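Here are my notes on this model, point by point. Please keep the structure open while you read.

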Amino acid sequence: MILSSDQENQGRSMAPSGTQGGSDGGTIVRLERGWGYSLVREDGLGRMRMRTEIVVRVGSVLCFLGMAGLWLLPGSTFSLTVLGIKAGLSIALGLAGLGLGHLAERGLAREVQVDLQREQLRLVWRNRKSDTRLQTVIGFAEIGSVFLRRLPGAGRLTQLNLRYGRTGEVLTLFVGPERLMREVWYDLNGDLHPDASEPVQPTRVVAASRPVAGTPVAGVRRLPRALR
């Protein structure tokens, strides 16, 4: 599914202070949109992704040319002994060409969109032409929690995960240093669960004083004997 980009505001603003890259060399950037904002990882590999998409597109075209060459090149034989081999190679090249073409059309840049108007969280892929393709749509009401999970290993990276649905499915949004993931979690959790992020005003408890003898006390009932 292709998403229209006419409502997107290309104004750029950095994520909250302190969300600079760590050992993985990346950072999370917040892009303000007309309907909310997008969270994008910037790791300096944008040009490499663009070149990779071009290579993948060329590979897709070569697969289709190879499939056509099996049948159209001069000297091609159609005997029963090689007919099955050609059919199998054609199917394999066709499937490979379709897969590579879909990957190049979809793009290699992953983006998390937080739509505050529709109350949706969307995961999309963006290609080198800045076209977006929808991967997942989750309503705010379906989201149970946003939590962090430390990964084992020397790098000590942390996952920013999302639990949603009745079965509690877990979806990983980003992976990075704990400090970066914690600050992104703080802002994202505040937007997805605004009621939970509101501070609770403490109530002051006043000790009840003993009534003076002979003074009627309003609103006091005697408990039944069973509840004393």
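1. Start with phenylalanine 174. This is a predicted model, and in it phenylalanine 174 is buried, with a relative accessible area of 7%. Buried means under 20% here, so the residue qualifies. Phenylalanine 174 sits in strand β10. Leaving out residues up to four places away in sequence, phenylalanine 174 touches Ile28, Leu39, Arg41, Val112, Thr158, Gln159, Leu160 and Met181. One distance to check: the C-alpha atoms of phenylalanine 174 and leucine 162 are 10.0 Å apart. Those two residues are twelve positions apart along the chain.

2. Next, the sheet around that strand. Three strands form an open sheet, in the order β8-β9-β10, with antiparallel pairing. The edges are β8 (143-150) and β10 (169-176). Each has a single partner strand, so one side of each is left without a neighbour in the sheet. On average, neighbouring strands of this sheet are turned by 25 degrees against each other, direction ignored. As background, strands of a sheet pair through backbone hydrogen bonds, either parallel or antiparallel.

3. Now the pairing of β9 and β10. How many bridges join β9 and β10? Strand β9 covers residues 158-164 and pairs with β10 over seven bridges, in the antiparallel sense. Threonine 158 stands opposite glycine 176, and glutamine 159 stands opposite valine 175.

4. Is asparagine 161 buried or exposed? Its relative accessibility is 1%, so asparagine 161 counts as buried. The side chains of asparagine 161 and threonine 172 are joined by a polar contact of 2.9 Å. Neighbours within four places in sequence aside, asparagine 161 is in contact with Ser145, Val146, Phe147, Arg149, Val170, Leu171 and Thr172.

5. Helix α3 spans residues 178-192 and lies across β8, β9 and β10. Its direction is at about 175 degrees to β8. The length checks out: at 1.5 Å a residue, the 15 residues of α3 should span 21 Å, and the end C-alpha atoms are 20 Å apart, which agrees.

6. Which residues of α3 are buried? They are Leu180, Met181, Val184, Leu188, Asn189 and Leu192. These residues cover an arc of only 145 degrees around the axis, which puts them on the same side of α3. An α-helix has 3.6 residues a turn, so residues three or four places apart point the same way. Arg179 and Tyr186 are exposed on the other side of α3. Met181 links back to point 1, as one of the residues that phenylalanine 174 touches.

7. Helix α2 covers residues 80-106. At 1.5 Å a residue, its 27 residues should span 39 Å, and the end C-alpha atoms are 39 Å apart, which agrees. The buried residues of α2 are Lys86, Ser90, Gly94, Gly97, Gly101, Ala104 and Arg106. Against what do they pack? The buried residues of α2 pack against α1 (46-72), β6 and β7. Just after α2, glycine 107 takes a positive phi of about 100 degrees.

8. Glutamate 119 has a positive phi, near 55 degrees. It is found in the loop between β5 (109-115) and β6 (120-126). With a relative accessible area of 48%, glutamate 119 is partly exposed. Serine 130 also has a positive phi, of about 70 degrees, and is not a glycine. Serine 130 lies in the loop between β6 and β7 (132-139). Serine 130 is partly exposed, with a relative accessible area of 34%.

9. Last, the overall layout. The protein has four helices and ten strands. Along the sequence, the pattern reads β-β-β-β-α-α-β-β-β-β-β-β-α-α. Of the 228 residues, 30% count as buried. Among contacts with a separation of 6 or more, residues 24 or more positions apart account for 44%.

Technical notes
Residues numbered from 1 in each chain as written. Predicted model: local features only at pLDDT ≥ 70, side-chain atom pairs only at ≥ 80, totals over all residues. Heavy atoms only, no water. Pairing = 2+ DSSP bridges. Helix = DSSP H or I, 4+ residues; strand = E, 2+ residues; numbered from the N terminus. Axes fitted to C-alpha atoms, helices over the stretch in contact; angles between N-to-C directions. Contact = heavy atoms within 4.5 Å. Expected span 1.5 Å × (residues − 1). Buried < 20%, exposed > 50% of the residue type's maximum accessible area, 1.4 Å probe, protein only. Arc of directions from axis to C-beta. Polar contact = N/O pair within 3.5 Å; in protein donor to acceptor, adjacent residues only side chain to side chain.
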